[in-house]
Amino acid sequence: MRRIRGLGAGLLAGAMFAISACQNDSNPTAPDATTSARVQPAQGSDLPSAAEFARQVPGFGGFFLARDGTPTIYLARGSSRAPAERLLSGYLGAHGLSTAAVRVLQARYGWNQLQRWQDAASSEALAVTGAVFVDNDETSNRVLIGVDRLSAMGLVKAAAKRAGIPDDAVIVQRTDPIHQVATLQNAIDRPVRAGVQINFPGFLCSVGFNATSGGVKSFITASHCTTTQGGVESTPYWQPLQSTAPTQIATEVADPQYVRRGAGCPGGRRCRVSDASRAAYIDGANQALGLIARTSAANNGSLDIVGSFTITADDCTGSNNLGGCLTVGTTVNKVGRTTGWTAGAITNTCVNTGVSGSNIVQLCQTFVSAGVGGGDSGSDVFQVTSGTNVKLAGILWGGNSNGTQFVFSPLANVVKDLGALQTH
C-alpha cells in the first residue's frame, strides 16, 4: 500500500479545481474430515472476511484472487485445506468454481501474528518521514511497508526491527504518496443520487451514498469534504454549486474527531478507521435511497448520466470485519464527479495509510487499481453483482499522484465511525 493523497476536496477557482488533501511455495495438503467438521460452512455466497478465515482455518496466512482469478490461500506447512474449502464453498459455488480450484501456498507466518506486527510497525514506521503505508499483505504473507523516497527505506527497516519484527517478515517498497481527492458535475433532478457533485464552502466533492440514520435522511461523503476534517461544524452543502443553485440541500451532522491513540496509530499522528462524514438532507424528499448515478460504461471518461445502479446489498459491516470482506483481486467500481465510473482490482486490504501533507493516518484502508481525480473524494465504492445491481463497499477518499490508484474506507469502517446506516 502506498501513502495516499486525499482525493477529497477540489478547490474551487471558477470552474477549476485541484487535487489536494489513495514467493510462492505450493504445499497443498490432503483434506482432513476431522478438522473440517469443526468448521462452520460459509453462509450464502459472500467471501468470508480475513477475521473469519483466521478464526476457522488453522494455519491461515492470507487469501486473495491471483491475477488469473485463481482463489489462493496461504496455509502453514502440514495444515489441512479442508477447513478453507468448507468455508469457501458458498463463495466458490456462486462463481462456478469447485473447491479443487483453490491454490494453496505455504505460509511462513500466521495471519494474526502478521496483524500484530502490522500494528507494531505502523506505530514505528509511519512516524518516519517518507513512509506511506503499512499493510498485512495477503499476497506475500509478509508485512509490506511503502515509502515515497529511497532514503526512508533503511529508516523504516530499522523501525520494524525496533518493533520486534523479523527481517524476513518485512518487505519495503517504493510507492507514490497518497493525497486526499476533493461531474457528474451538473445540477440533477431531485432526489439526489450518489456519485454526483456537491459543493461546500470553497471546495467540490462527490456524494458517496444516501443513507438513513436514526430516521434521518442523509448522505455519506468524505470527512475531509467538510469545513474541518474530524468534528462537526455544520458544514453546508449545495448541488451542484452554491453559485448556480443557492438553495442548500444538506448540513453536516456526524464526523467523529481523529484521535492520537489506538493500535497502529503512530505517536504525534491523528487516526481514524474511516475518512467519512454524514450530512442530513434539509428536505428529506431529496434522498434517492439506494441509487447511484450510472454513466455509459466503466473507464471511458464519460460524465453523462444514462441511468442508475441500485444498491441491493452491503459488504460486511460487523465489528469484527474492519477492512471489509472483499479480497485482493476482486473488481470494484466507483462513480465520482471528476472521472465518472471507473473500475479495477483491489490490490491491498486493511492498509494503515498516511495522508500526504498532514498528520493523519487512516487505519485499515483498501487500495484499488482504478482511475481517480480531484473532486472524486466521497465517491461511492461498490461491486457489481448482476446487471445494474450492486453491493456497497465503502467511501473513496484518496489516490496516488498520477490518478491510477484510489483508496477507500470499507463500509464496516464507516459504520464503526458513524453508526448503523440503512443504505437501501
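Leaving aside neighbours within four places in sequence, with which residues is N321 in contact? N321 is in contact with S49, C316 and A412, where contact means heavy atoms within 4.5 Å.

The model is predicted, so local features need pLDDT of at least 70 and side-chain atom pairs count only at pLDDT 80 or more, while totals for chains, interfaces and linings use all residues. Residues are numbered from 1 along each chain as its sequence is written, and side-chain values use heavy atoms, with hydrogens and water left out.

N321 is found in the loop between β20 (307-314) and β21 (331-336); helices (H or I, at least four residues) and strands (E, at least two) are DSSP runs, numbered from the N terminus. N321 has a relative accessible area of 14% and is therefore buried (under 20% relative accessible area, with exposed over 50% and partly exposed in between; 1.4 Å probe, protein chains only). The side chains of N321 and S49 are joined by a polar contact of 2.9 Å (a pair of N or O atoms within 3.5 Å; within protein, one must be able to donate a hydrogen and the other to accept it, and residues adjacent in sequence count only if both atoms are side-chain atoms).

A412 is one of the buried residues of α6. G419, with a positive phi near 90 degrees, follows α6.

The protein as a whole is summarised below.

| Property | Value |
|---|---|
| Helices | 6 helices |
| Strands | 26 strands |
| Buried residues | 59% of the 424 residues |
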